[in-house]
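Please walk me through this model in running text. Cover the ligand shell, the strands and the helix packing.

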Amino acid sequence: MKVPGIEVDISCSESVIFCWYVRRMEPVTEPNRNNSMAEENVFLRACRREPTEYTPVWLMRQAGRYLEEYRDIRRKVAFLELCKSPDLAAEVTLLPVRKLGVDAAIIFGDILLPLEGMGIHLEFVKGGGPLIRNPIRGREDIERLRIIEPEEEVPFLLKAIEIVRRVLGGSVPLIGFSGAPFTLASYLIEGGHSEDYVKTKGLMLEKNSLWHILMEKLTEVTIRYMRAQVHRGVQALQLFDTWAGCLSPWDYEAHVLPYSRRVIQEVGEQAPLIHFSAGTSGFLHLIKEAGGDVIGIDWRTNLGGAWERLGYDVGIQGNLDPSVLLTSREVIEAHVRKILESAGNRPGHIFNLGHGVLPETPEEHVTFMVESVHRFSGR
Ligand code: CP3
(Lines give C-alpha, C1' and ligand atoms only; values in the text may rest on other atoms or scores of the structure.)
Protein backbone atom coordinates (compact mmCIF):
# COMPACT_ATOMS: atom_id res chain seq x y z
CA MET A 1 0.00 0.00 0.00
CA LYS A 2 1.31 3.48 -0.89
CA VAL A 3 0.10 6.70 0.66
CA PRO A 4 1.17 9.96 -0.99
CA GLY A 5 3.55 12.01 1.09
CA ILE A 6 4.06 9.32 3.69
CA GLU A 7 7.00 7.01 3.43
CA VAL A 8 5.98 3.65 4.70
CA ASP A 9 6.25 0.16 3.51
CA ILE A 10 3.58 -1.94 5.11
CA SER A 11 2.16 -5.38 4.62
CA CYS A 12 -1.51 -6.13 4.13
CA SER A 13 -2.20 -7.16 7.71
CA GLU A 14 -0.73 -3.91 8.90
CA SER A 15 -2.65 -1.77 6.42
CA VAL A 16 -5.78 -2.03 8.56
CA ILE A 17 -4.02 -0.29 11.41
CA PHE A 18 -2.42 2.14 9.06
CA CYS A 19 -5.76 3.22 7.54
CA TRP A 20 -7.18 3.60 11.03
CA TYR A 21 -4.19 5.72 11.92
CA VAL A 22 -4.37 7.96 8.84
CA ARG A 23 -8.11 8.56 9.41
CA ARG A 24 -7.26 9.98 12.79
CA MET A 25 -4.54 12.25 11.53
CA GLU A 26 -5.51 15.63 12.90
CA PRO A 27 -3.24 18.65 13.14
CA VAL A 28 -0.71 18.01 15.84
CA THR A 29 -1.21 20.17 18.91
CA GLU A 30 2.35 21.09 19.70
CA PRO A 31 4.20 24.02 18.15
CA ASN A 32 7.05 23.58 15.70
CA ARG A 33 6.77 19.86 15.11
CA ASN A 34 7.59 20.51 11.47
CA ASN A 35 10.10 23.21 12.22
CA SER A 36 13.22 22.74 10.13
CA MET A 37 15.23 23.11 13.35
CA ALA A 38 13.58 19.98 14.60
CA GLU A 39 15.79 17.60 12.68
CA GLU A 40 15.19 15.02 15.31
CA ASN A 41 12.23 14.75 17.63
CA VAL A 42 12.27 16.98 20.71
CA PHE A 43 11.95 13.97 22.99
CA LEU A 44 15.18 12.34 21.80
CA ARG A 45 17.04 15.63 21.92
CA ALA A 46 15.79 16.25 25.47
CA CYS A 47 17.09 12.78 26.42
CA ARG A 48 20.52 14.04 25.38
CA ARG A 49 20.00 17.36 27.21
CA GLU A 50 20.08 19.31 23.97
CA PRO A 51 18.01 22.52 23.68
CA THR A 52 14.49 22.01 22.34
CA GLU A 53 11.80 24.43 21.11
CA TYR A 54 9.49 23.29 23.91
CA THR A 55 9.46 20.70 26.68
CA PRO A 56 8.49 17.25 25.37
CA VAL A 57 5.76 15.38 27.20
CA TRP A 58 4.46 11.83 27.38
CA LEU A 59 2.65 9.93 30.13
CA MET A 60 3.26 6.64 31.84
CA ARG A 61 0.23 4.41 31.09
CA GLN A 62 -0.78 6.79 28.33
CA ALA A 63 -2.45 3.91 26.48
CA GLY A 64 -4.85 2.67 29.11
CA ARG A 65 -8.27 2.52 30.61
CA TYR A 66 -8.99 6.26 30.67
CA LEU A 67 -9.26 6.06 26.84
CA GLU A 68 -12.67 5.07 25.52
CA GLU A 69 -11.16 3.21 22.56
CA TYR A 70 -8.99 1.20 24.94
CA ARG A 71 -12.01 0.26 27.05
CA ASP A 72 -13.88 -0.76 23.89
CA ILE A 73 -11.06 -3.08 22.87
CA ARG A 74 -10.78 -4.49 26.39
CA ARG A 75 -14.48 -5.36 26.44
CA LYS A 76 -13.67 -7.84 23.68
CA VAL A 77 -10.12 -8.90 24.51
CA ALA A 78 -8.50 -9.85 27.82
CA PHE A 79 -5.43 -7.87 28.86
CA LEU A 80 -2.82 -10.58 28.26
CA GLU A 81 -4.42 -11.49 24.96
CA LEU A 82 -4.24 -7.83 23.94
CA CYS A 83 -0.54 -7.72 24.83
CA LYS A 84 0.02 -10.84 22.74
CA SER A 85 -1.80 -9.58 19.61
CA PRO A 86 0.77 -7.44 17.76
CA ASP A 87 -1.77 -5.63 15.55
CA LEU A 88 -3.98 -4.69 18.49
CA ALA A 89 -1.05 -3.80 20.75
CA ALA A 90 0.29 -1.55 17.98
CA GLU A 91 -3.12 0.08 17.59
CA VAL A 92 -3.32 0.77 21.33
CA THR A 93 0.25 2.13 21.37
CA LEU A 94 -0.67 4.63 18.65
CA LEU A 95 -3.92 5.84 20.26
CA PRO A 96 -2.40 8.50 22.55
CA VAL A 97 0.03 9.72 19.90
CA ARG A 98 -2.72 10.97 17.64
CA LYS A 99 -5.40 11.66 20.22
CA LEU A 100 -3.27 13.60 22.69
CA GLY A 101 -0.31 14.92 20.68
CA VAL A 102 2.31 13.45 23.02
CA ASP A 103 5.95 13.59 21.94
CA ALA A 104 6.71 9.88 22.35
CA ALA A 105 4.91 6.56 22.11
CA ILE A 106 5.56 3.72 24.56
CA ILE A 107 5.08 0.20 23.30
CA PHE A 108 2.02 -1.44 24.77
CA GLY A 109 2.84 -4.37 27.00
CA ASP A 110 3.62 -4.99 30.64
CA ILE A 111 6.74 -5.33 32.76
CA LEU A 112 5.60 -8.81 33.78
CA LEU A 113 5.42 -10.29 30.26
CA PRO A 114 8.97 -11.75 30.19
CA LEU A 115 8.29 -13.61 33.44
CA GLU A 116 5.95 -16.07 31.70
CA GLY A 117 8.84 -17.36 29.61
CA MET A 118 10.87 -17.79 32.79
CA GLY A 119 8.26 -20.29 33.99
CA ILE A 120 5.81 -18.13 35.93
CA HIS A 121 2.01 -18.51 35.64
CA LEU A 122 0.82 -14.96 35.19
CA GLU A 123 -2.79 -13.82 35.38
CA PHE A 124 -4.50 -10.46 35.46
CA VAL A 125 -7.58 -10.60 37.64
CA LYS A 126 -10.29 -8.08 36.88
CA GLY A 127 -9.75 -4.96 38.95
CA GLY A 128 -7.11 -6.65 41.09
CA GLY A 129 -3.96 -6.36 39.01
CA PRO A 130 -1.39 -9.06 38.33
CA LEU A 131 -1.43 -12.38 40.13
CA ILE A 132 1.28 -15.05 40.06
CA ARG A 133 -0.04 -18.49 40.95
CA ASN A 134 3.39 -20.02 41.57
CA PRO A 135 5.40 -17.35 43.41
CA ILE A 136 8.99 -18.05 44.34
CA ARG A 137 9.45 -19.66 47.72
CA GLY A 138 12.94 -21.12 47.83
CA ARG A 139 16.09 -22.33 46.12
CA GLU A 140 14.38 -24.83 43.82
CA ASP A 141 11.95 -22.23 42.49
CA ILE A 142 14.80 -19.85 41.77
CA GLU A 143 16.97 -22.47 40.13
CA ARG A 144 14.08 -23.53 37.94
CA LEU A 145 13.65 -20.03 36.46
CA ARG A 146 14.66 -19.98 32.81
CA ILE A 147 16.69 -17.25 31.11
CA ILE A 148 14.53 -16.24 28.17
CA GLU A 149 15.32 -15.74 24.51
CA PRO A 150 13.13 -12.71 23.77
CA GLU A 151 12.73 -13.68 20.10
CA GLU A 152 11.11 -16.91 21.24
CA GLU A 153 9.32 -15.89 24.41
CA VAL A 154 7.99 -12.40 23.58
CA PRO A 155 7.83 -12.41 19.75
CA PHE A 156 4.46 -10.63 19.88
CA LEU A 157 5.94 -7.55 21.58
CA LEU A 158 8.85 -7.40 19.14
CA LYS A 159 6.42 -7.69 16.23
CA ALA A 160 4.29 -4.86 17.69
CA ILE A 161 7.42 -2.69 17.86
CA GLU A 162 8.09 -3.33 14.20
CA ILE A 163 4.54 -2.39 13.21
CA VAL A 164 4.51 0.81 15.27
CA ARG A 165 7.87 1.90 13.89
CA ARG A 166 6.68 1.37 10.32
CA VAL A 167 3.55 3.40 10.94
CA LEU A 168 5.27 6.21 12.82
CA GLY A 169 8.35 6.40 10.62
CA GLY A 170 10.58 9.12 12.02
CA SER A 171 7.76 11.35 13.24
CA VAL A 172 7.36 10.31 16.87
CA PRO A 173 9.89 8.13 18.68
CA LEU A 174 8.98 4.84 20.28
CA ILE A 175 10.03 3.97 23.85
CA GLY A 176 10.64 0.36 24.87
CA PHE A 177 10.68 -0.69 28.52
CA SER A 178 11.36 -3.30 31.12
CA GLY A 179 10.87 -3.72 34.82
CA ALA A 180 14.11 -3.39 36.77
CA PRO A 181 15.40 -6.55 38.49
CA PHE A 182 14.20 -5.48 41.96
CA THR A 183 10.65 -4.60 40.91
CA LEU A 184 10.39 -7.85 38.94
CA ALA A 185 11.76 -9.82 41.91
CA SER A 186 9.14 -8.25 44.18
CA TYR A 187 6.33 -9.59 41.95
CA LEU A 188 7.95 -13.01 41.65
CA ILE A 189 8.28 -13.33 45.42
CA GLU A 190 5.09 -11.61 46.63
CA GLY A 191 2.94 -13.09 43.87
CA GLY A 192 1.34 -9.72 43.17
CA HIS A 193 1.19 -6.25 44.60
CA SER A 194 2.28 -5.87 48.21
CA GLU A 195 1.90 -3.23 50.90
CA ASP A 196 5.05 -4.05 52.86
CA TYR A 197 7.26 -6.34 50.72
CA VAL A 198 8.03 -8.45 53.79
CA LYS A 199 8.70 -11.66 51.82
CA THR A 200 10.93 -9.87 49.28
CA LYS A 201 12.95 -8.18 52.01
CA GLY A 202 13.18 -11.44 53.95
CA LEU A 203 14.85 -13.20 51.03
CA MET A 204 17.03 -10.20 50.24
CA LEU A 205 18.31 -9.75 53.79
CA GLU A 206 18.45 -13.31 55.09
CA LYS A 207 19.16 -15.48 52.08
CA ASN A 208 21.81 -13.45 50.43
CA SER A 209 23.18 -16.09 48.10
CA LEU A 210 19.69 -17.00 46.83
CA TRP A 211 18.87 -13.32 46.34
CA HIS A 212 22.02 -13.02 44.27
CA ILE A 213 21.10 -15.96 42.01
CA LEU A 214 17.62 -14.54 41.49
CA MET A 215 18.84 -11.01 40.77
CA GLU A 216 21.52 -12.31 38.39
CA LYS A 217 18.86 -14.16 36.40
CA LEU A 218 16.55 -11.16 36.31
CA THR A 219 19.44 -8.89 35.31
CA GLU A 220 20.28 -11.16 32.40
CA VAL A 221 16.65 -11.37 31.28
CA THR A 222 16.23 -7.59 31.53
CA ILE A 223 19.36 -6.99 29.44
CA ARG A 224 18.28 -9.45 26.74
CA TYR A 225 14.72 -8.12 26.74
CA MET A 226 15.77 -4.49 26.33
CA ARG A 227 18.41 -5.26 23.71
CA ALA A 228 15.88 -7.20 21.65
CA GLN A 229 13.54 -4.20 21.75
CA VAL A 230 16.27 -1.84 20.55
CA HIS A 231 17.17 -4.32 17.85
CA ARG A 232 13.56 -4.23 16.59
CA GLY A 233 13.41 -0.45 16.54
CA VAL A 234 12.66 1.27 19.85
CA GLN A 235 14.56 4.56 20.03
CA ALA A 236 14.66 5.00 23.80
CA LEU A 237 14.20 2.80 26.86
CA GLN A 238 12.59 3.20 30.24
CA LEU A 239 13.60 1.02 33.16
CA PHE A 240 10.76 0.85 35.72
CA ASP A 241 11.96 0.32 39.28
CA THR A 242 8.54 1.29 40.54
CA TRP A 243 8.79 -0.30 43.99
CA ALA A 244 12.44 0.54 44.86
CA GLY A 245 11.12 3.23 47.22
CA CYS A 246 10.12 0.56 49.76
CA LEU A 247 13.81 0.07 50.57
CA SER A 248 16.22 1.85 52.88
CA PRO A 249 19.11 3.61 51.12
CA TRP A 250 21.66 1.10 52.41
CA ASP A 251 19.62 -1.94 51.33
CA TYR A 252 19.08 -0.36 47.91
CA GLU A 253 22.79 0.30 47.62
CA ALA A 254 23.89 -3.15 48.74
CA HIS A 255 21.23 -5.42 47.23
CA VAL A 256 19.72 -3.64 44.23
CA LEU A 257 21.99 -0.95 42.82
CA PRO A 258 24.67 -3.30 41.43
CA TYR A 259 22.12 -5.19 39.32
CA SER A 260 20.36 -2.07 37.97
CA ARG A 261 23.76 -0.60 37.19
CA ARG A 262 24.73 -3.65 35.16
CA VAL A 263 21.50 -3.51 33.18
CA ILE A 264 21.99 0.18 32.44
CA GLN A 265 25.66 -0.24 31.52
CA GLU A 266 24.83 -3.04 29.12
CA VAL A 267 21.85 -1.49 27.36
CA GLY A 268 22.38 2.23 27.93
CA GLU A 269 24.86 2.48 25.09
CA GLN A 270 22.28 1.25 22.61
CA ALA A 271 19.60 3.89 23.23
CA PRO A 272 18.95 6.75 25.67
CA LEU A 273 17.64 5.30 28.92
CA ILE A 274 15.19 6.77 31.44
CA HIS A 275 15.58 5.28 34.92
CA PHE A 276 12.25 5.62 36.72
CA SER A 277 11.50 4.88 40.35
CA ALA A 278 8.90 6.05 42.86
CA GLY A 279 9.38 6.96 46.51
CA THR A 280 13.15 7.23 46.18
CA SER A 281 13.61 10.97 46.72
CA GLY A 282 15.59 10.16 49.89
CA PHE A 283 18.27 8.36 47.88
CA LEU A 284 18.18 9.90 44.42
CA HIS A 285 21.97 10.04 44.42
CA LEU A 286 21.99 6.22 44.46
CA ILE A 287 19.47 6.05 41.61
CA LYS A 288 21.82 8.29 39.67
CA GLU A 289 24.77 6.10 40.61
CA ALA A 290 22.94 3.11 39.14
CA GLY A 291 22.71 5.13 35.93
CA GLY A 292 20.45 6.49 33.22
CA ASP A 293 20.56 9.43 30.83
CA VAL A 294 17.36 10.71 32.40
CA ILE A 295 16.10 10.11 35.93
CA GLY A 296 12.33 9.74 36.28
CA ILE A 297 10.92 10.94 39.61
CA ASP A 298 7.52 10.88 41.34
CA TRP A 299 5.60 13.96 42.56
CA ARG A 300 6.65 13.72 46.21
CA THR A 301 9.65 15.95 45.61
CA ASN A 302 10.19 19.33 43.98
CA LEU A 303 11.51 18.69 40.48
CA GLY A 304 13.90 21.65 40.49
CA GLY A 305 15.32 20.65 43.87
CA ALA A 306 15.68 17.03 42.80
CA TRP A 307 17.54 18.10 39.65
CA GLU A 308 19.90 20.25 41.66
CA ARG A 309 20.65 17.29 43.94
CA LEU A 310 21.12 14.94 40.99
CA GLY A 311 23.34 17.36 39.12
CA TYR A 312 22.77 18.79 35.67
CA ASP A 313 24.81 16.10 33.93
CA VAL A 314 21.62 13.98 33.76
CA GLY A 315 18.18 14.81 32.41
CA ILE A 316 15.05 14.65 34.55
CA GLN A 317 11.55 13.33 33.87
CA GLY A 318 8.36 14.16 35.75
CA ASN A 319 6.57 14.92 37.88
CA LEU A 320 2.88 15.84 37.93
CA ASP A 321 0.77 14.09 40.55
CA PRO A 322 -1.64 11.91 38.46
CA SER A 323 -4.52 12.98 40.76
CA VAL A 324 -4.19 16.55 39.50
CA LEU A 325 -5.62 15.36 36.17
CA LEU A 326 -8.87 14.57 37.99
CA THR A 327 -9.37 18.21 39.06
CA SER A 328 -10.00 21.27 36.86
CA ARG A 329 -8.22 23.04 34.01
CA GLU A 330 -7.18 25.85 36.36
CA VAL A 331 -5.56 23.49 38.82
CA ILE A 332 -3.89 21.48 36.04
CA GLU A 333 -2.52 24.63 34.44
CA ALA A 334 -1.17 25.95 37.75
CA HIS A 335 0.62 22.66 38.47
CA VAL A 336 2.07 22.43 34.97
CA ARG A 337 3.45 25.96 35.32
CA LYS A 338 4.98 25.22 38.72
CA ILE A 339 6.80 22.17 37.41
CA LEU A 340 8.03 23.97 34.30
CA GLU A 341 9.21 26.89 36.41
CA SER A 342 11.07 24.61 38.78
CA ALA A 343 12.83 23.02 35.77
CA GLY A 344 13.94 26.55 34.88
CA ASN A 345 13.95 26.05 31.10
CA ARG A 346 17.05 23.89 31.35
CA PRO A 347 17.59 21.46 28.47
CA GLY A 348 16.97 17.88 29.56
CA HIS A 349 13.53 18.09 31.16
CA ILE A 350 10.92 15.62 29.89
CA PHE A 351 7.46 16.33 31.25
CA ASN A 352 5.55 13.31 32.57
CA LEU A 353 3.41 12.26 35.49
CA GLY A 354 5.05 11.02 38.68
CA HIS A 355 3.36 7.64 38.07
CA GLY A 356 0.79 6.19 35.64
CA VAL A 357 -2.43 7.88 34.46
CA LEU A 358 -5.33 6.91 36.70
CA PRO A 359 -8.15 5.02 34.93
CA GLU A 360 -10.79 7.56 36.02
CA THR A 361 -8.93 10.51 34.41
CA PRO A 362 -11.04 12.53 31.93
CA GLU A 363 -9.38 12.26 28.55
CA GLU A 364 -9.87 15.97 27.79
CA HIS A 365 -7.83 16.83 30.88
CA VAL A 366 -4.92 14.82 29.53
CA THR A 367 -5.11 16.61 26.18
CA PHE A 368 -5.32 19.93 28.01
CA MET A 369 -2.27 19.04 30.11
CA VAL A 370 -0.23 18.14 27.02
CA GLU A 371 -1.25 21.40 25.34
CA SER A 372 -0.43 23.38 28.47
CA VAL A 373 3.07 21.91 28.65
CA HIS A 374 3.69 22.79 25.02
CA ARG A 375 2.18 26.28 25.36
CA PHE A 376 3.98 27.35 28.54
CA SER A 377 7.33 25.88 27.62
CA GLY A 378 7.51 27.25 24.04
CA ARG A 379 10.81 29.09 23.67
O1 CP3 B 1 2.73 3.11 29.82
C2 CP3 B 1 2.09 2.57 28.90
O3 CP3 B 1 1.05 3.07 28.40
C4 CP3 B 1 2.62 1.29 28.30
C5 CP3 B 1 2.07 0.06 28.81
C6 CP3 B 1 2.35 -0.34 30.26
C7 CP3 B 1 1.41 -1.04 31.06
N8 CP3 B 1 1.99 -1.38 32.23
C9 CP3 B 1 0.03 -1.37 30.63
C10 CP3 B 1 -0.93 -1.89 31.61
C11 CP3 B 1 3.50 -0.21 31.04
C12 CP3 B 1 4.80 0.52 30.71
C13 CP3 B 1 3.29 -0.88 32.27
C14 CP3 B 1 4.31 -0.99 33.32
C15 CP3 B 1 3.97 -1.67 34.55
N16 CP3 B 1 3.17 -2.77 34.73
C17 CP3 B 1 4.53 -1.35 35.81
C18 CP3 B 1 5.54 -0.26 36.07
C19 CP3 B 1 4.95 1.09 36.09
C20 CP3 B 1 3.78 1.29 36.98
O21 CP3 B 1 2.73 1.62 36.44
O22 CP3 B 1 3.93 1.14 38.18
C23 CP3 B 1 4.01 -2.23 36.75
C24 CP3 B 1 4.30 -2.23 38.24
C25 CP3 B 1 3.16 -3.13 36.06
C26 CP3 B 1 2.41 -4.27 36.61
C27 CP3 B 1 0.96 -4.08 36.44
N28 CP3 B 1 0.28 -4.26 35.25
C29 CP3 B 1 0.03 -3.69 37.42
C30 CP3 B 1 0.36 -3.38 38.87
C31 CP3 B 1 -1.22 -3.68 36.80
C32 CP3 B 1 -2.55 -3.44 37.44
C33 CP3 B 1 -2.74 -2.07 37.86
C34 CP3 B 1 -3.85 -1.46 37.09
O35 CP3 B 1 -3.67 -0.30 36.69
O36 CP3 B 1 -4.85 -2.14 36.91
C37 CP3 B 1 -1.03 -3.99 35.42
C38 CP3 B 1 -2.06 -4.03 34.37
C39 CP3 B 1 -1.88 -3.05 33.26
N40 CP3 B 1 -0.71 -2.79 32.63
C41 CP3 B 1 -2.93 -2.30 32.64
C42 CP3 B 1 -2.34 -1.58 31.59
C43 CP3 B 1 -3.01 -0.68 30.60
C44 CP3 B 1 -4.40 -2.35 32.99
C45 CP3 B 1 -4.95 -3.58 32.37
C46 CP3 B 1 -6.39 -3.48 32.03
O47 CP3 B 1 -6.73 -3.10 30.89
O48 CP3 B 1 -7.23 -3.86 32.87
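**Ligand shell, strands and helix contacts**

Of the 22 residues around the ligand, Gly64, Gly129, Phe240, Thr242 and Gly356 come nearest; a residue counts as near a molecule or strand if its C-beta atom, placed from the backbone, lies within 6 Å of it. By class, the shell has 11 nonpolar, seven polar and four charged residues. Here Ala, Val, Leu, Ile, Met, Phe, Trp, Tyr, Cys and Pro are nonpolar, Asp, Glu, Lys and Arg are charged, and the others, Gly among them, are polar.

The model is predicted: local features need pLDDT of at least 70 and side-chain atom pairs count only at pLDDT 80 or more, while totals for chains, interfaces and linings use all residues. Residues are numbered from 1 along each chain as its sequence is written.

Next come the strands. Helices (H or I, at least four residues) and strands (E, at least two) are DSSP runs, numbered from the N terminus, and two strands pair if DSSP finds at least two bridges between them. An open sheet is formed by seven strands in the order S1-S4-S5-S6-S7-S8-S9, with parallel pairing. Its edge strands, S1 (105-106) and S9 (349-353), each pair on one side only. Two bridges join S1 to S4 (residues 174-179) in the parallel sense, and isoleucine 106 has isoleucine 175 of S4 as its bridge partner.

Strands S2 (residues 122-125) and S3 (residues 129-132) run antiparallel and are joined by four bridges. Phenylalanine 124 stands opposite proline 130 in S3. The two strands form a hairpin with three residues between them, and glycine 127 in the turn has a positive phi of about 75 degrees.

Two further backbone features deserve a look. Strand S8 (residues 315-320) contains asparagine 319, and the peptide bond from glycine 318 to asparagine 319 is cis, with omega near -5 degrees. Arginine 61 lies in the loop between helix H2 (42-47) and H3; its phi is near 60 degrees, a positive value in a residue other than glycine.

The helix pairs follow. Helix H3 (residues 68-76) packs against helix H5 (residues 86-100) at an angle of about 160 degrees, with their axes 10 Å apart. Axes are lines fitted to C-alpha atoms, for helices over the stretch in contact, and angles run from 0 to 180 degrees between N-to-C directions. H3 is therefore roughly antiparallel to H5, where angles under 35 degrees count as roughly parallel, over 145 as roughly antiparallel, 65 to 115 as roughly perpendicular and the rest as oblique. Glu69, Tyr70 and Ile73 of H3 meet Leu88, Val92 and Leu95 of H5, contact being C-beta atoms, placed from the backbone, within 7 Å. This contact has five nonpolar residues, no polar and one charged.

H5 also packs against helix H9 (residues 155-168), at an angle of about 50 degrees and with the axes 8 Å apart, so H5 is oblique to H9. On the H5 side the contact includes Pro86, Asp87 and Ala89, and on the H9 side Phe156, Lys159 and Ala160 are among the residues. The contact of H5 with H9 divides into nine nonpolar, one polar and two charged residues.

Helix H12 (residues 208-232) and helix H14 (residues 257-267) pack at about 25 degrees, their axes 9 Å apart, so H12 is roughly parallel to H14. Among the contact residues are Met215 and Thr219 of H12 and Tyr259 and Arg262 of H14. By class, six are nonpolar, two polar and three charged in the contact of H12 with H14.

Note on methods
Two residues are in contact if their C-beta atoms, placed from the backbone, lie within 7 Å.
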